[in-house]
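This briefing is for a reader who is meeting the structure for the first time. Please look over the sequence and the model before going on to the points below.

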Amino acid sequence: MHIVVCVKQVPDTKIIKINPKTNTLDRRSAPAILNPYDAHAVQEAVKIREKTGGTISVLSMGPPQATAVIKKSIEIGADRGYLITDRAFAGADTLATSYALSKALERIGKELPVDIVICGKHAIDGDTGQVGPGIARRLDIPPITNVIEVVEVNQQEQTVLMKRKLANGYELIQTEIPCLMTVEKEINEIEYSPMPNMIKAARYEPIIWAVSDLENVDRTQLGLKGSPTIVGKMFTPPRPEGGKKLEGTTDEQVNQLMDILLENKDLFTLQSSN
Amino acid sequence: MPEKFDVIVVGAGPAGTACALTCARAGLDVLLIERGEYPGSKNVMGGVLYRKQMEDLIPEFWKEAPLERPVIEQRFWVMDKESVASFGYKGLEWGVEPYNNFTVLRAKFDQWFAGKAVEAGALLINETVVTECLVENGKVIGVRTDRPNGEVLADVVVLADGVNSLLSKQLGFHKEFRPDEVALTVMEVINLSKDKINERFNLEDNQGCTIEIFGDSTKGNLGTAFLYTNKDSLNIGVGTTLSSMIKAKLKPYELLDYLKNHPMVKPLLAGGESAEYLAHLIPEGGYHSVPRVAGNGVVVVGDAAQLVNAIHREGSNMAMHSGLLAGESIIEAKNRGNFSESTLNIYRDKLHDSFIIKDLEKYKDAAHTFESYPQYFKEYLPMMNQAMSTFFTVDGTPKREKQKQIIKSVTAEKGRLRVLQDIYRAWKAVK
């Protein structure tokens, strides 16, 4: 079983600042981390490997310092990691990114055929969730998004059974291998990495590829050139206004809150959603 | 079977990193274990980095290290409730190569420094706590971390785990601190624009100033406060020995608040925005508190070995130098293929021959003296301000008359003999 996990280095958006003039993220204001959804993707690959055996590769596209997220993935338990980095990739939107990653996956697959590709649901700096499905489309394999549980990987039948998160429940899906899944955070808990993994990661040097290391690449589909996305406008969502602050002792605050709730009975009437 | 290294260094602060760097450069297999998210994330100091000991490790480090400002002015304030007696030195020669010292932000600096050890070949592992040393037949043979399969072996374990070195306590090298052996320092990083800093402290862009504040900054307790200029922030902090804090029923954050709102300090901070709040213990026991620093398969460096000169606010430089000396000793032990206590005592001897133990010995009774005789901080410092005020106030009194008044006011309550005794005692403590 060969599982490839696609990972991305992102600024930690919990602490990032927004440049108030340009409305863009001030990337220097926050440390770069492994996209949290991708960490769960690597963890899930480790869980699958515990049952099936095999190899976990991680793949990332980014600047040279993105090797840090590959090392982080090795800590979680990946066996090896690839970084594709090249000026030609710069400025890529989700279309150009999924094209570049699919080309790298083709090369990885030549060395060792790929059974399952796992991606995080989305990156916390872009929130699009388009790259995973974009890769699946190009590799012509089924994309299963929003996976919350891998129920069974059947190597004999070459199938995977998994649960997909829906707005009001879940969907049980079985698909053939090879396939691609994107995972939600609730799929697993990130485990505290064992010491041997930490040592391996500290020592590990990721495999680094430039465009010239990939085969049959149409350069017009890479980077800024291959990115038709136009950002029309960016704005910071307005802070919610209004509201009322309750003051006083805890008992007083609770009483005030009860009064408000009882006066606004419509808060409790069921409204149709969806 | 756990992996084995030549050296495991516990703690990637100045001491641990210096040791890891020294050993890695000699081709030794080094594992550097840091409990924080990254080196520097948990480390605290006032913010002055001395050039000499850093340069011994990385020549011309100022060309690439993330430094704040070279210090060209050192001021000393004796502060009373509404006054400051100030003296100091400002020299432009400190603003050009090779410089004298620098202000730094540890979160940035330590990360860079540890990166140098990694470049030299050391393996750095973050977010990992060493819970104990593995001991076999009276010899330290490795460490256990809090991770699954967490054991790692080594010929030598270097304890650079900081002031409250739980590991050397476990080995019986240390006793629990007495409250007069440690100071508790709280500090804040306050963001303030470069222009405002330059204006208020009379500096150019690449010039820094440090102010050490005595007296009312600690409400007369044994300790000091400091105010240092970074590029676009200030470090302000205050520390006193735990024992005086307990005695005076002081809360450290109240002391810092008091300092920040002191009329002599407040205008310098005005408009600043608090960016970080930090607190840390500082080993101030000095010479008498230095524990055993070498054992079978183990050495202790930096704060863990209590190597701080509280009088001269030197610590990080001693840490680095002790790390370097420990590294050299481990290399020698490796050459001999013997990591016993008697071999590793090379490190103890090097430490004793260096400025570190010599300086600590010079001041070995200083803190104790000032703590036992509180009149120095409680009475003499305010008297100094009073004397300056009397002397420089122009009111028609002849200067000789003023001198008499001053001497009289100092000796009035105590008598000349007591004052002479106090002066002699203080001189003896720091001579």
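Helices here are DSSP runs of H or I with at least four residues, numbered from the N terminus. The model is predicted.

**Chain B as a whole**
- Chain B holds 15 helices and 17 strands.
- Its radius of gyration is 23 Å, close to the 22 Å given by the globule rule for 431 residues, so chain B is as compact as a globular protein of that length.
- The C-alpha trace of chain B spans about 85 × 50 × 35 Å along its principal axes.
- Of the 431 residues in chain B, 47% are buried.
- Among contacts in chain B with a separation of 6 or more, 72% come from residues 24 or more positions apart.

**Helix H9 of chain B**
- Helix H9 of chain B covers residues 316-336, and at 1.5 Å a residue its 21 residues should span 30 Å.
- H9(B) is mostly covered, with 15 of its 21 residues buried.
- Just after H9(B) comes B:Gly337, which takes a positive phi of about 65°.

**Strand E4 of chain B and its partners**
- Strand E4 (residues 69-80) of chain B pairs with strand E5 (residues 83-90) of chain B in the antiparallel sense, over eight bridges.
- E4(B) and E5(B) form a hairpin, with two residues between them.
- Within this pair, B:Phe76 stands opposite B:Phe87 of E5(B).
- E4(B) also runs parallel to strand E12 (residues 208-215) of chain B, and eight bridges join the two.
- B:Glu73 has B:Cys209 in E12(B) as its bridge partner.
- With strand E6 (residues 101-103) of chain B, E4(B) pairs in the antiparallel sense over two bridges.
- B:Phe102 in E6(B) is the bridge partner of B:Pro70.
- In a regular strand, side chains alternate between the two faces of the sheet.

**The nine-stranded sheet of chain A**
- Chain A has an open sheet of nine strands in the order E11-E10-E9-E12-E8-E1-E6-E7-E13, with mixed pairing.
- Strand E11 (169-176) and strand E13 (207-209) of chain A stand at the edges with a single partner strand each, so one side of each has no neighbour in the sheet.
- From one strand to the next, the twist averages 30°.
- Strand E9 (residues 143-154) and strand E10 (residues 159-166) of chain A run antiparallel and are joined by six bridges.
- A:Val147 stands opposite A:Arg164 in E10(A).

**Helices lying across strands of chain A**
- Helix H1 (residues 36-52) of chain A lies across strands E1 (2-7), E6 (55-61), E8 (116-120), E9 and E12 (179-183) of chain A.
- H1(A) runs at about 170° to E1(A).
- Helix H2 (residues 67-76) of chain A lies across E1, E6 and strand E7 (80-84) of chain A, and runs at about 165° to E7(A).

**Contact of chain A with chain B**
- How many residues does the contact take from chain A and from chain B? Nine residues come from chain A and eleven residues from chain B.
- The side of chain A that touches chain B has seven nonpolar residues, one polar residue and one charged residue.

Technical notes. Residues numbered from 1 in each chain as written. Chains lettered and ligands numbered in written order. Predicted model: local features only at pLDDT ≥ 70, side-chain atom pairs only at ≥ 80, totals over all residues. Expected span 1.5 Å × (residues − 1). Buried ≥ 20, exposed ≤ 12 C-beta atoms within 10 Å, placed from the backbone. Pairing = 2+ DSSP bridges. Axes fitted to C-alpha atoms, helices over the stretch in contact; angles between N-to-C directions. Contact = placed C-beta atoms within 7 Å. Nonpolar A, V, L, I, M, F, W, Y, C, P; charged D, E, K, R; others polar. Rg over C-alpha atoms; globule rule 2.2 N^0.38 Å.
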